[in-house]
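This report looks at aromatic ring pairs and then at a nonpolar part of the surface. The sequence and the structure are shown next.

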Amino acid sequence: MNISEQYLTIVKHIDSTVNQYPLNQAGDELLLQNLVDLMPAFKQLLDNCDKVELDYLYLQYPGFHRLGAILEAMAIGIQNGDIEVPKGH
């Protein structure tokens, strides 16, 4: 896999940050409260890595995968109407 050092550095930062939170509901809630700083870097990776690269990174970096899974679950919840987005957001 030929992923740039820049992107690997970003993934490692996200992974180490996310891994600081316990792997339970309380940890996920704390992570959600503090993930704003990770979003630009996460989006940069989504915009610049292809599916194969992202799948590889998800397998190699559990914290990166966890963040992706949480964000995906939120997006599905918003789309299904299970999660309400306050007006103006």
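## Basis of the description

Helices (H or I, at least four residues) and strands (E, at least two) are DSSP runs, numbered from the N terminus. The model is predicted, and local features need pLDDT of at least 70, side-chain atom pairs count only at pLDDT 80 or more, while totals for chains, interfaces and linings use all residues. Residues are numbered from 1 along each chain as its sequence is written, and side-chain values use heavy atoms, with hydrogens and water left out.

## Aromatic pairs

Rings of Phe, Tyr and Trp (its six-membered ring) pair if their centres lie within 6.5 Å, and planes under 30 degrees apart count as stacked, over 60 as edge-to-face and the rest as tilted. The count by this rule is two aromatic pairs. In one of them, Phe42 and Phe64 have ring centres 5.4 Å apart and planes at 50°, so this pair is tilted. Because Phe42 lies in helix H3 (residues 39-48) and Phe64 in helix H5 (residues 62-80), the pair ties together parts that are 22 residues apart in sequence.

Phe42 is buried at a relative accessible area of 4%, and Phe64 is likewise buried, at 0% (buried means under 20% relative accessible area, exposed over 50%, partly exposed in between, with a 1.4 Å probe and protein chains only). The rings of Tyr58 and Phe64 have centres 4.9 Å apart and planes at 25°, so that pair is stacked.

## Nonpolar surface patch

Leu32, Met74, Ile78, Ile83 and Val85 make a nonpolar surface patch of about 360 Å². Accessible areas come from the Shrake-Rupley method with a 1.4 Å probe, and for residues only the protein chains shown count as cover. Ile83 is placed in the segment after H5, and at 36% relative accessibility Ile83 counts as partly exposed.

Technical notes. Patches are made of residues with over 30% relative accessible area and no salt bridge: like charges are joined within 9 Å, nonpolar side chains (Val, Leu, Ile, Met, Phe, Trp, Tyr) within 5 Å. A salt bridge is a side-chain nitrogen of Lys or Arg within 4 Å of a carboxyl oxygen of Asp or Glu.
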